[in-house]
Amino acid sequence: MKTQIALQGIIQPELAGCRLDQALAQVFPDYSRERLKSWVLAGHCQVDGICLRPKDKINGGETVVISAAATQEVSWTAEDLPLDIVYEDEDLIVINKPINMVVHPAAGNRAGTLVNALLNYAPELNQVPRAGIVHRLDKDTSGLLVVARNLTAHASLVDQLHERTVSRIYETVVHGVFLAGGTIDAPMGRHPRDRKKMAVLNEGKEAITHYRVLTRFPKHTHLQVQLETGRTHQIRVHMAHVKHPLVGDKVYGGRMQHNFARQALHARALSLIHPSTDEEMSWQVPLPADMQLLLKDLALEHSKA
């Protein structure tokens, strides 16, 4: 059974001259501009009793009425798979994602993904874009990931990511020795020859990574990394760009190889503003066993050197 959405509001006078879709985003901040625009295009929005186009300018003072059905957003299959839930409430689910788990179903990975597990645990995620996942982790990256449980939370988290108020802190082990922390500010885009990879490109989108040294070893460095932007493969690409690729990264590691089975990358900490309470919330999870063992092995090698 579909849930019916009924909204009514007044466009404030100070919004005079704005596009309708821009004004609606101000009047109904719980919904994304894209969703509001889709309702306008489908004829579900009336402005003083008239259907307008998203680009039409408004005068201010109009009454807006939206009546639409909350349609199913995803068609993936629910599966009874284990989830390591760090926190949950009516708005959020925070997951500690294990290694070797794909986040979204795709060609070749239709089952066994995090989304399949989430749809079984929380069927209401069918009503939320991309099953509520607003940021992703690579298959072989472990750690914290937040899921929006409803449209209001989804809009809030998307806005927070855009405004860069979500804090994401990682730990990684890289080849080579960093003498000090720093920042990598290098734009990124799709690799011009290998479309499955990302690369640093002059014409790419802004990408900023901050890092600081946790432990130095003779040939490796244990780093804490904080993302300011969230481009695909950002940490992996940036570290390879400065000639310090991640241990175990078979895609971006080049000739620097190690017997570690995956890229040594873990999303350790996550902070955000709760969509309903406006409270700042933070979570941390420890390093998984394989990375703990890697650090012990490097420390042992260091002691023998």
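The structure is a predicted model, in which local features need pLDDT of at least 70 and side-chain atom pairs count only at pLDDT 80 or more, while totals for chains, interfaces and linings use all residues. Residues are numbered from 1 along each chain as its sequence is written, and side-chain values use heavy atoms, with hydrogens and water left out.

**Helix 5 and Gln-234**

- Helix 5 spans residues 234-241 and includes Gln-234; helices (H or I, at least four residues) and strands (E, at least two) are DSSP runs, numbered from the N terminus.
- Gln-234 has a relative accessible area of 2% and is therefore classed as buried.
- Contacts of Gln-234 (heavy atoms within 4.5 Å), not counting residues up to four places away in sequence, are with Met-188, Ala-207, Ile-208, Thr-209, Leu-227 and Thr-229.
- The backbone nitrogen of Arg-231 is reached by the side chain of Gln-234 at 3.0 Å.

**Strand 11 and His-210**

- His-210 belongs to strand 11, which covers residues 208-216.
- With a relative accessible area of 28%, His-210 is partly exposed.
- The side chains of His-210 and Glu-228 make a polar contact at 2.7 Å; a polar contact is a pair of N or O atoms within 3.5 Å, where within protein one must be able to donate a hydrogen and the other to accept it, and residues adjacent in sequence count only if both atoms are side-chain atoms.
- Beyond four places in sequence, His-210 touches Gly-182, Thr-183, Gln-224, Val-225, Gln-226 and Glu-228.
- Although 26 residues apart along the chain, His-210 and Ile-184 have C-alpha atoms separated by 6.4 Å.

**Cavity**

- The count comes to 1 cavity of 30 Å³ or more, a cavity being a set of points on a 1 Å grid over the protein atoms alone where a 1.4 Å probe fits but cannot get out.
- The largest cavity has a volume of about 30 Å³, volume being the space filled by probe spheres set on the points, which are joined across faces, edges and corners.
- Its lining residues (an atom within 4 Å of a point) are Tyr-31, Ser-32, Arg-35, Pro-129, Leu-151, His-154 and Ala-155.
- Helix 4 (residues 151-163) supplies the largest share of the lining of the largest cavity, 3 residues.

How values were computed
1 Å grid on protein atoms, 1.4 Å probe; cavity = no way out; pocket = protein on both sides within 12 Å on 5 of 7 lines; lining within 4 Å. Buried < 20%, exposed > 50% of the residue type's maximum accessible area, 1.4 Å probe, protein only.
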